[in-house]
Amino acid sequence: MFIFRGPAYEDLNLTPEESQASMQKWYDWIGELSAKGRYMGGDPLLKQGKMLQGNKPVVTDGPFAEGKELLGGYFIIKAESLEEAAQLAMGFPDFKISGSVEVREIMKIPMPS
Amino acid sequence: MSTGTEQPQQLVDHLFRHEAGKMIAVLTRVFGITNLELVEDTVQETFLKALQVWRYGQLPDNPSAWLMRVARNRTIDLIRRQQKLANLSDELSKQLQSSTENAVDQFFLDTEIADSQLRMIFACCHPALHPEDQVALTLRTVSGFGVQEIARALMSTESAIQKRLYRAREFIKSETILFEIPVGQEFSARLEIVYTVLYLLFNEGYNSLKADELIRHDLCAEAIRLCKLLTEHRLGAEPSAFALLSLMCFQASRFGSRIGEDNTIILLQKQDRNKWDHGLIRLGYYYLNRSSTGNKLSVYHIESAIAAEHCLAPDFGSTNWSALLHLYDCLLEQKPTPVVRLNRSIVVAQLEGVHAAIDLILDIPGIRVLLEQHYIYPAVLGDLYGRAGNCNEGRRLLQIASQLTSSLAEKRLLQEKLEALS
C-alpha cells in the first residue's frame, strides 16, 4: 500500500495549466503501474473528517495534521517485495511539492484450511 | 481500472485553461461581473475536484462536460444557499429551486457559452480600461492564465500583473459595466479594441524574444484561438476579424523557422521555407478569402496580404517586391507610423537600391529620437549603410542598436553583422 501525504491542493493555488500538468503526471504514473500489472486500485480521501481520541473519547473535526502532512489518499499495488514496492513509489509525482509516500505491506493472514 | 495494453490517457493540451475561460464566462453571467472573485473561486473549486477525483481513477469520457457539470452543480448549490437565507415557505422554495435549475441550465448550453465568452472578451476590452490592463484581464479571465504565467508572457513581474488585475477589477466593480455585447456604433468601436488586444497578444508572443519559447508559443496559439472564437460567433464574424485571423495564421506558420537551435535569429532570407507550417499557410489563405467581403479594407487585410505575399514566394529571391511595395503604400495610408515606414523602406531597398531606402528612413518624422531609443531603427539603417559601402556609419549604428536591445539573440545577430563590416 502506498499512503500519500502532502499539502492540500487547495493551498497550492495552482493555475489551470499547472492543475492539468499535475493531473497528467498522476495519470502517467498510474498508466505506467497498470502497464506493469502493479496497480490494483486507489482512492483519494476528502479533507474533512472526524477524530476520536482519549480514554473518554472526544470527537473532534479534522483535518488533523499540519497542512503539509495531510493524508491525501492511497494506492493498493502488487509487488514482489517491499524493496520493489519502494522502487515503484519513486514515480510519485508530488515529491517536488513536499509530498511523501509511506510504503506498507498489507498483512494477509492465511485461513486454516 | 485501465489494463496493461491501454495507453495512458491524455488530456487535450490546455484543456483546463480553456475550460477555465468558459466557466468564468458562464458563471459571470450567473453571478454578475461584480462577483468576479466568487466566480474565480468556483472555477478553482471545480478544478480541485477534478484533480482529486481524476488523479485516482479514469478520466471521464468527456472531461470538458464533466467540468461544466461540476461547475453547474456548485452554482446551483450556491444559489440555494442564498435562497435558504431568505426564509421562504417550503412551497415557494421548491418552485424556485426548479426554476433556478432551468435558468442556470440555459446558461450552460453550448451556444450560450460561446455568447458568454464573447461578452467576456468585450468586457475585458472596455475602452475605459488601460490597454495594458485589457491585455492582462483578457489573459486572466478569458484565457485562464495564472498571474505568474501572465507575468512570464508579458515580460513583467507578478506584483505588477497583480496590480494591473486589481486595478481592472476595481474599475469593473465601481463602474458596474454591463456584461453585454454593445450595440450599434459602440459595437464597432469596441470590436476595434478587441482586434487591437488580440493583435497585441499575438505580437507579444511572436516578437518578444525575451520571453521563453514555450510561453510565447502559448500566447500566439491563444490569440489565434480567441480570434477564431470571435469569427465563429454570428456577431463577431466580420471581414476584419477573418483578416486578422488569416494574418495570425501566416505569421505563425514561420514561428518555428525564425529561431535556430542555438537560439539565434534566422532572418527571412535565410529561413528554410520547407519548414514553414504549410497547414497554417493554407488556413491563412482560407481565412483571407473569407475576409474579402464587404467594402472595408482594414489594416489587417493589408497586413495579411503582405504576409501572404511572403508565403507565396518559394524562395527569398522570387519575392514579388513591387506587389509588396503597393501593399505598403496602402498600409501607409491607413497606418502612417514610423514602423510601417521603416518596413516599407526595406522593400524599397530591394526595388530601388539601398540609397533610396536610406533616404526614406532619414525622412521618417522624429527619426533622430527613434534611432536613439528603439533598437530596430539603428539596426535596419546600420545594415543598409553597410550594404551601401559606408562601413563606418553602419558599424556606428549597429553598435547603438546592440546597446538598445536586451535580447541576447538580437545582440548576437547584430554582432555577426558588425563582424561582417570590419
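Colleague: In this predicted model, which hand is the crossing of α15(B) and α18(B), left or right?
Modeller: The crossing of α15(B) and α18(B) is left-handed. The model is a predicted one.

Colleague: What angle do they pack at?
Modeller: Helix α15 of chain B, residues 338–352, packs against α18(B) at about 15°, and the axes are 11 Å apart. Angles under 35 degrees count as roughly parallel, so α15(B) is roughly parallel to α18(B).

Colleague: Which residues make that contact?
Modeller: On the α15(B) side they are B:L342, B:I346 and B:A349. From α18(B) come B:I376, B:Y377, B:V380 and B:L384. By class that is seven nonpolar residues, with no polar and no charged ones.

Colleague: And α18(B) with α19(B), what is the angle there?
Modeller: About 160°, with the axes 7 Å apart. Here α18 covers residues 376–387 of chain B and α19 covers residues 391–404. Angles over 145 degrees count as roughly antiparallel, and α18(B) and α19(B) are therefore roughly antiparallel to each other. Their crossing is left-handed.

Colleague: Who meets whom?
Modeller: α18(B) brings B:P378, B:A379, B:L381, B:G382, B:Y385 and B:G386. They meet B:C391, B:E393, B:G394, B:L397, B:L398, B:I400 and B:A401 in α19(B). That contact divides into nine nonpolar residues, three polar and one charged.

Colleague: Next pair. How do α12(B) and α13(B) cross?
Modeller: At roughly 145°, and the axes come within 11 Å. The helices are residues 278–291 and residues 299–312 of chain B, respectively. The crossing is left-handed. B:I281, B:G284, B:Y285, B:L288 and B:S291 in α12(B) face B:H301, B:S304, B:A308 and B:C311 in α13(B) as contact partners. The classes there are five nonpolar, four polar and no charged residues.

Colleague: Changing topic: which residues touch the most other members of the largest nonpolar core?
Modeller: B:L198, B:A223, B:C227, B:L244 and B:M248, in a core of 89 residues. Helix α11 of chain B, residues 239–252, gives the most to this core, with 10 residues.

Colleague: What is B:L198 in contact with, leaving aside its neighbours within four places in sequence?
Modeller: B:A223, B:L226, B:C227 and B:L244. Another core lies apart from the largest one and has 28 residues, including B:L327, B:L331, B:V347 and B:L398.

Colleague: Now chain A. How many helices and strands?
Modeller: Three helices and six strands. Along the sequence the pattern is β-α-α-β-β-β-β-α-β. The C-alpha atoms of chain A fill a box of roughly 50 × 40 × 20 Å along the principal axes.

Colleague: What share of chain A is buried?
Modeller: 23% of its 113 residues. Of the chain A contacts between residues at least 6 apart in sequence, 73% join residues at least 24 apart.

Colleague: And where does chain A touch chain B?
Modeller: The contact involves 24 residues of chain A and 25 residues of chain B. On the chain A side, the elements giving two or more residues are α1 (9–12), α2 (16–35) and β2 (39–44). α2(A) gives the most, with 14 residues.

Colleague: What classes are on that side?
Modeller: Eight nonpolar, 11 polar and five charged residues on the side of chain A that touches chain B.

Key: Residues are numbered from 1 along each chain as its sequence is written. Chains are lettered from A and ligands numbered from 1 in the order in which they are written. This is a predicted model: local features need pLDDT of at least 70, side-chain atom pairs count only at pLDDT 80 or more; totals for chains, interfaces and linings use all residues. Two residues are in contact if their C-beta atoms, placed from the backbone, lie within 7 Å. Helices (H or I, at least four residues) and strands (E, at least two) are DSSP runs, numbered from the N terminus. Ala, Val, Leu, Ile, Met, Phe, Trp, Tyr, Cys and Pro count as nonpolar, Asp, Glu, Lys and Arg as charged, and the others, Gly among them, as polar. A nonpolar core is a set of buried Ala, Val, Leu, Ile, Met, Phe, Trp, Tyr and Cys residues joined through C-beta atoms within 7 Å. A residue is buried if 20 or more other C-beta atoms lie within 10 Å of its own, exposed if 12 or fewer, and partly exposed in between; C-beta atoms are placed from the backbone. Axes are lines fitted to C-alpha atoms, for helices over the stretch in contact, and angles run from 0 to 180 degrees between N-to-C directions. Angles under 35 degrees count as roughly parallel, over 145 as roughly antiparallel, 65 to 115 as roughly perpendicular and the rest as oblique. A crossing is left-handed if the near helix is turned anticlockwise from the far one by less than a right angle, and right-handed if clockwise.
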